[in-house]
Amino acid sequence: MRRQRYRSGPLVWLAILFFTCLLLFLFQKILWLVVPFLLALIGYYLFFPLQQRLVLGGMTRATSAALVSGSAFAVAVGIILLSFPWISAHIVSWQDSASRYIEGGLHFIADTLAWAERNYAFAAKAHLSDQLTQNISELGDKFAGTYLTSAALTAAAWLPSLLLAPFLAFFFLRDGWRFKMFLSRAVPNAFFERTLYLLDQVDHTARLYFQGLIKLTLIDALCLAFGLSLIGVSAPYVLGLMTAVLAWVPYIGSILGCLLVVLVAATDFPTNPSMAYAAIGLFIWVRLLDDFFFMPMTIGRSLNLHPLLTVVMIFVGGAVAGVAGLMLVLPLLGIVMVLGETIGEIVTDPRLRARHEFARNLRHQQVTSDLKR
């Protein structure tokens, strides 16, 4: 007899949404631990296939984990050490370049407003282009001197906690299976098989999500870099990678990435605003490819969520936990969904409850058999 597939009811989904929001609120309070934990998970799922190949080749888990994580850490440290003198030599010029790009973007906005004022009466009454033109230099210097310095200090303050990520990734690779065994031993025997299924599904969902996120980031970076190089924008591969990583934050990250590309395009071609419009068109085209082709082939396969629920939960995550909630809400919802649906299936399965009750009665009979007269 074929077993019917369990479908979650409204109470289960209310519990899933409630615990997702609760976890987002709690994670916001311990972001110093959540962020390196999230980076460690990305590293774990990125290097897990390589570790599995080494284990299947005869190497122990501990040795393979040490080799993979140690090699990745050594490469990262080597890149940082080699690039540090170059970064130190160019950091002042980067600040000047940032100010120049901000001014270029403001000039582009002023030119666009001037065009609107020449063609539309309601825009001409506002005289926004004149006001913006007068304050362009001041705004550019203020942004470069204040906001960039604040961002650099914030990054330096986060550096110690981010150093936890490689160590956490190493222990995930080495002892992840021990944690699963520890959890499974605490489950009654009647629910053991279903619990193993639960743990496997959670790991499967998280692995597909983070591996899909990495694939999507690479695809976006290559598409944007190729398009920007065709347009003629400077540093297309750096811009493509930066905008692809910024897209990890839904909506806000895409807007910031588009602004970054427009600033560079407007500064590289100050007398040709059509290049900035071409960069905007390219960015919109890549986002459309994301929504209809790339994302369904990568992340969409890991989280079987309705599009309406996805959009609503993104806004809820932003309202509950800010930018951190925007980044964490989808993977967290996917994991809580698997947990909630499986627990709901266990609780509502009469045969599993009967097996558990029967096992309890047997144990009771065993421990009380010598007490009977």
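These are my notebook entries on what I looked up in a predicted model of a protein chain.

**Entry 1: ground rules**

I number residues from 1 along each chain as its sequence is written, and for side-chain values I use heavy atoms, with hydrogens and water left out. Since the model is predicted, local features need pLDDT of at least 70 and side-chain atom pairs count only at pLDDT 80 or more, whereas totals for chains, interfaces and linings use all residues.

**Entry 2: the chain as a whole**

I looked up the secondary structure and found 13 helices and 0 strands in the protein chain, where helices (H or I, at least four residues) and strands (E, at least two) are DSSP runs numbered from the N terminus. I then asked what share of the 373 residues counts as buried. The value is 34%, with buried meaning under 20% relative accessible area, exposed over 50%, and partly exposed in between (1.4 Å probe, protein chains only). The accessible surface of the chain comes to about 23200 Å², and 71% of this belongs to carbon and sulfur atoms; such areas come from the Shrake-Rupley method with a 1.4 Å probe, and for residues only the protein chains shown count as cover. For contacts (heavy atoms within 4.5 Å), I noted that residues 24 or more positions apart account for 73% of those with a separation of 6 or more.

**Entry 3: the nonpolar cores**

A nonpolar core is a set of buried Ala, Val, Leu, Ile, Met, Phe, Trp, Tyr and Cys residues joined through side-chain atoms within 4.5 Å. The largest one has 33 residues, and those with the most contacts inside it are Ile16, Leu24, Tyr44, Tyr45, Phe210 and Val329. At least two residues of this core are supplied by each of H1 (10-29), H2 (31-56), H3 (61-119), H7 (164-185), H8 (192-231) and H12 (307-347). Which helix gives the largest share of this core? I found that H12 does, with 11 residues. Another core, of 16 residues, lies apart from the largest one, and among its residues are Phe108, Val262, Val264 and Ala266. I also checked tyrosine 44, which, leaving aside its neighbours within four places in sequence, is in contact with Ala169, Phe172, Leu173 and Asp203.

**Entry 4: empty space**

Rolling a probe the size of a water molecule over the atoms shows where empty space is left. On a 1 Å grid over the protein atoms alone, a cavity is a set of points where a 1.4 Å probe fits but cannot get out, while a pocket is an open set with protein on both sides within 12 Å along at least five of seven lines, and lining residues have an atom within 4 Å of a point. Grid points are joined across faces, edges and corners, and a volume is the space filled by probe spheres set on the points.

The second largest pocket holds about 930 Å³ of space. Of the 26 residues that line this pocket, the closest to its centre are Phe37, Leu41, Phe179, Val202 and Ile335. The largest share of the lining, 7 residues, comes from H2, and by class the lining has 23 nonpolar, 1 polar and 2 charged residues. In this sorting, Ala, Val, Leu, Ile, Met, Phe, Trp, Tyr, Cys and Pro count as nonpolar, Asp, Glu, Lys and Arg as charged, and the others, Gly among them, as polar.

I also searched the whole structure for cavities of 30 Å³ or more and found 1. The residues that line the largest cavity are Pro188, Asn189, Ala190, His356, Ala359 and Arg363.

Is threonine 205 buried or exposed? At 7% relative accessibility, threonine 205 counts as buried.

Glutamine 201 is found in helix H8 too, but it is partly exposed, with a relative accessible area of 23%. The C-alpha atoms of glutamine 201 and leucine 339, 138 residues apart along the chain, are separated by 8.6 Å.

Phenylalanine 170 lies in helix H7, and, leaving aside neighbours within four places in sequence, it is in contact with Ala65, Ala66 and Ser69.

**Entry 5: a positive phi**

Most residues other than glycine have a negative phi. Alanine 235, in the loop between H8 and helix H9 (236-246), has a positive phi near 50°.
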